[in-house]
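Thank you for making time this morning. I would like to walk you through a few local features of one model, and I will give the terms as we come to them.

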Amino acid sequence: MTFLDWGYILDALPDLFRGLGMTLMVSALAILFSLTLGLIGCTLRRSRFKPAGYAVAAYVEFIRGTPYLVQIFFVFYGLPSLGLTLSIFWSGVLALTLWASAFHIESFRAGLSSVSKDIHNASSSLGLRPWHHGLFVVLPIALRSALPSTLNTVVGTIKNSAYLQAIGLVELTFVAVDRIAQEFRSVEMFLSICVIYLVVILGISALGHRLEKRLNRPYAAR
Amino acid sequence: MDLLYEYRVFLLAGLLETLKMSLVVALGGTLCAIVLTFGVTSKPTLLRRVSFGLMELLRDLPLMVTVLLVYFMLPAAGVSLNPFWSCCAAISVWGGANGAQILRAGLASVGNGQRETAAAFGFGPLKALLLITLPQAMPVIIPPYVGLLTALVQATSLGSVVGAQELLRSGQVLIEQTTIMRGGSPAYLVYGSILVVYFTLCTLISAIGGRIERHFLRPYASGAEVGAKAHAIEATIPTSA
């Protein structure tokens, strides 16, 4: 008998891919929602209405200063007694979204503040309307400088979806740990999920780097 | 609140364990980071590639997977550790990989001219590193490193997954017990309080980090350029877990 039982891995593959499907589903929803919430939060943070700005800043600090696992438990076990009962799946989506949007707000804010005031003056002297200025001048510049940290958070969302096994969401890590608990094939299972996670995460990182390169093209000559 | 006060000794024991774990992973993570940094900046190609591969592997895998992997695989490799040390080991190597990324990028941010000048003045490699390069890299290294330290402290909550008796595990036990004995789940209260405790801890670390950062920024007329370099590194590491 060899060290690795390839047949066992092959048998487990359908289960693992179902788990991967769940991982990707939860992550995709959370990425979508958190990017949206990030934009809204960032707008509030920079708005002239100060209390909203402070509230968003406090939210960002709180999420960044607390462990993600405790946030998950609070959402899944704590919110029902406060009147909000969600399924495991939606608890997971909510917890991931809350976590990721805090980081998105912060990177969008940093991206927007990297756009200098001179550009604003330049646009208005060219006669651009405010929304033209925002959409075609500020946004591309801000997006470019916010991209690395935004990508870090997007990839982090997928990685952090593994934490959801702690509340019993049947995603990739849960499938592996569940099988290990029953059949004790830890080497095979961990090798499989490590490879799957690496392929997904490196794939998405590579896509992100291509996007970064594409957005950096106008600056490449310098 | 009465509940928390009633079980204060139990919860404080959990907090103490969390603090112990935090200290161990902060030290262990830094040690791993230093070793890995020497690895990825070393001359021998094989050593450099292996260290680099290890660093990237640990940075790309979810921390939850690393913690579970160490917990389940070490016994198979003939090493038996209790949950406390197994979890500390996993978080330390994870922190080491991210710390190495910070150190490597921070040291690279110091111009090559500095090293060459140091060599021209007869400084050996180690002496040049410690006396010339590192002090200049410090203001770039400190901000992301403080972020990483708060992530390491937060990561100790993963101990509850493998059964280390830290704060989160104590909270879980308390919730289970009171739900069974008294009915009605105090989960929001217990987990809410744990969130506040961690928040206080991390805010404290950030505040201390801020002071250290200001100390190293003193020689600079404007910290803007240094700040931008630090920020660029911070965008590539987790500052929360």
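Helices, here, are DSSP runs of H or I with at least four residues, and strands are runs of E with at least two, numbered from the N terminus. This is a predicted model, in which local features need pLDDT of at least 70 and side-chain atom pairs count only at pLDDT 80 or more, while totals for chains, interfaces and linings use all residues. Residues are numbered from 1 along each chain as its sequence is written, and chains are lettered from A and ligands numbered from 1 in the order in which they are written.

Of the 9 residues in H5(A), the number that are buried (20 or more other C-beta atoms within 10 Å of the residue's own, where 12 or fewer is exposed and in between is partly exposed, with C-beta atoms placed from the backbone) is 0.

A positive phi also occurs in a residue other than glycine, namely A:Phe184, where the value is near 60 degrees. A:Phe184 sits in the loop between helix H7 (172–183) and helix H8 (186–216) of chain A, and it counts as exposed because it has 11 C-beta neighbours inside 10 Å.

Finally, helix H1 of chain A, residues 6–46, packs with H8(A) at an angle of about 45 degrees, their axes being 11 Å apart (axes are lines fitted to C-alpha atoms, for helices over the stretch in contact, and angles run from 0 to 180 degrees between N-to-C directions).
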